[in-house]
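Biologist: I have not looked at this one before. Can you put it up and take me through it?

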Amino acid sequence: MTGTAVFLQQLVNGLSLGAMYALLALGFTLVYGILELINFAHFNVFMVGAFVGLIVLQSFGLQGQTVLLHGAPLVLALLASLAVTMLASGVLGVLIERYTLRPMRNVRGPMAMITTIGVSYILFNLVLLLTNAQALNYPDPMPSVDYHLGGVTIRLKAVIIWVVAAVLMWGLNLFVRRSRLGKAMRAVAQDAEAARMMGVEVDQVVMIAFFAGSALAGAAGMIFGLYYNFTQYSIGYTAGLRAFTAAVLGGIGNVPGAMVGGLLIGLIETIGSQYIAAKWADVIIFSILIFTLVFRPAGLLGAQSPNRS
Amino acid sequence: MPEETLLEFAGVHTHYGDLHVLKGVDYTVARDDIVVLLGGNASGKSTTMKTIMGTVTPSKGEVRFRGAPINRLSTSERVKRGIAPVLEARRLFPRMTVYENLEMGAYTRKRGPDFDEDLERVYALFPRVKERRQQLAGTLSGGEQQMVAIGRALMARPALICMDEPSMGLSPRFVEIVFGIIQTINRQGVAIFMVEQNAHMALQIASRGYVLQTGRVVLSGPAADLAANPAIREAYLGELQVEDS
Ligand SMILES: Nc1ncnc2c1ncn2[C@@H]1O[C@H](COP(=O)(O)OP(=O)(O)O)[C@@H](O)[C@H]1O
Ligand SMILES: [Mg+2]
């Protein structure tokens, strides 16, 4: 492989990871934008999402490397799995908000954030117990087709991941920009009291933010499983911190920022691993987190937090 | 009752924790009124507005709208029944367009021909707002923002608009425009209850007024009487009298 081909190959690989981080980062940003809350439970909603995805895929008969379905049935089974996983993860997010965070809504200080850490630990330990701390194999149901472009290999699986992530992000963007509730969400993020005065039910908007963010985390969890071919109780931590870094890098609270940040972190991870060393990936990524917080706290595209006046 | 009563406060008290702000106030706003609420700093004027919108709940007493008690209604329900706010310092959504801000004013209503009709009405009142409809609200001047804020309230198709210091921070030219618009809106059948520091101009367009002092109504009556009242002239119209002479 030539030097350029190696670089391009890492770019291609980084795009898949970046898509996953972007989806995950959106959940941090949606919630932060509205509540000014860093939701650490999000790490493990993602992890639970990966397991839900596994169970759903298996229930469609998609197990291990055996290819049971082809063509349209396979596409439908994958789409249905994705939809069910997102729905289940979204509901999990809503339940977490409703029962652990809403009672804290008017408590000042870091209580709500600490609560999310607690919820995160509960999810982590529940899955640890239920799986006996085992890593589980993820099905690899997609036909292994590779495309070769000038020394770079692009797997069909990667293309599918990109398309799914792009469609989800496009959908979210459309929802936030154009729909009535999406506009209410932006209004609450910009001035919650004024939005309430317009007749917006803030609790409803918060619920939708948690649902959308958690559903996207579920999609990211399924992408993780399909990309790495396994899932485990501990996957939320690393991926979650990287996605959080992506959200801060893009500008916390900023929806397009989370997408850009996610892609950048994915690319930095693969390219950094190639040219420096895989073990340095986290050092690089968290240095970016610290440098962003110190020198450009508003991130690349500008942080957008609620006006508290 | 001389005219049809729209809004009534009957012995309303409010608290923020231990802080007792409104101490048994009574107000009445009739269907065709412009009522002005005067009072010094921290006397409870903004609290009155918040109590009307339902973001502050009375600890005692009753707020009625069209005769029905509304103490327990959510803000969204109040907006649906016909009360809309023009908030202190305008409080537009700065990173949304002017058009989207107007849409937020109509948030509780079904989208339909009514919406377009009201939009045209707002654009007719404020041609400037129409010109700027695709601009982000945060980029407008203070005066333009106040026009959008009033337009946003109108998009709820309200029977009553509560305004908290609509002339605050505006240039004299815009103050003129805003007060003119308030009169126009009122003639179109919308009652106005407004807090104002600019007592001189407010009393000129108002039908009636109240003076609030540390949570109690100490004076009330027709606007002309209040404007002629020596105590008010001293407290609120002092410097303007000099201007007038
Ligand atoms: N959210 C709040 N929490 C606690 N105290 C408040 C709050 N809002 C207003 N106050 C207090 O209530 C009193 C009346 O405030 P306000 O109604 O805003 O007065 P104004 O007449 O200047 O509009 C003031 O002493 C103010 O400090
Ligand atoms: Mg005030």
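Modeller: This is a predicted model. A place to start is the shell around ligand 1, which has four nonpolar, six polar and one charged residues.

Biologist: Which element gives the most to that shell?

Modeller: That is α1(B), with three residues. The residues surrounding ligand 1 include B:Gly40, B:Asn41, B:Ser43, B:Lys45 and B:Thr47.

Biologist: Which backbone atoms lie 2.8 Å and 3.0 Å from an oxygen atom of ligand 1?

Modeller: A backbone N or O atom of B:Ala42 is 2.8 Å from a ligand oxygen, and one of B:Gly44 is 3.0 Å from a ligand oxygen. As for cover, ligand 1 has 560 Å² of accessible area on its own, and the protein covers 60% of that.

Biologist: And B:Tyr16, what does its side chain do there?

Modeller: A polar atom of the B:Tyr16 side chain lies 3.5 Å from a nitrogen atom of ligand 1.

Biologist: Change of topic. How much area is buried between chain B and chain A?

Modeller: About 2100 Å², with carbon and sulfur atoms giving 56% of it. On the chain B side, B:Arg91, B:Arg95 and B:Tyr107 lose the most area to chain A, together 36% of what that side buries.

Biologist: How many salt bridges are there between the two chains?

Modeller: There are four between chain B and chain A. One of them joins the side chains of B:Arg91 and A:Glu193, at 3.1 Å from N to O.

Biologist: Which helices of chain B touch chain A?

Modeller: α1 (45–53), α2 (75–81) and α3 (98–105) of chain B each supply at least two residues to that side. α3(B) gives the most, with four residues.

Methods. Residues are numbered from 1 along each chain as its sequence is written. Chains are lettered from A and ligands numbered from 1 in the order in which they are written. This is a predicted model: local features need pLDDT of at least 70, side-chain atom pairs count only at pLDDT 80 or more; totals for chains, interfaces and linings use all residues. Side-chain values use heavy atoms; hydrogens and water are left out. Buried area is the accessible area (1.4 Å probe) that two parts lose on being put together, summed over both. A residue is near a molecule or strand if one of its heavy atoms lies within 4 Å of it. A polar contact is a pair of N or O atoms within 3.5 Å; within protein, one must be able to donate a hydrogen and the other to accept it, and residues adjacent in sequence count only if both atoms are side-chain atoms. Accessible areas come from the Shrake-Rupley method with a 1.4 Å probe; for residues, only the protein chains shown count as cover. Ala, Val, Leu, Ile, Met, Phe, Trp, Tyr, Cys and Pro count as nonpolar, Asp, Glu, Lys and Arg as charged, and the others, Gly among them, as polar.
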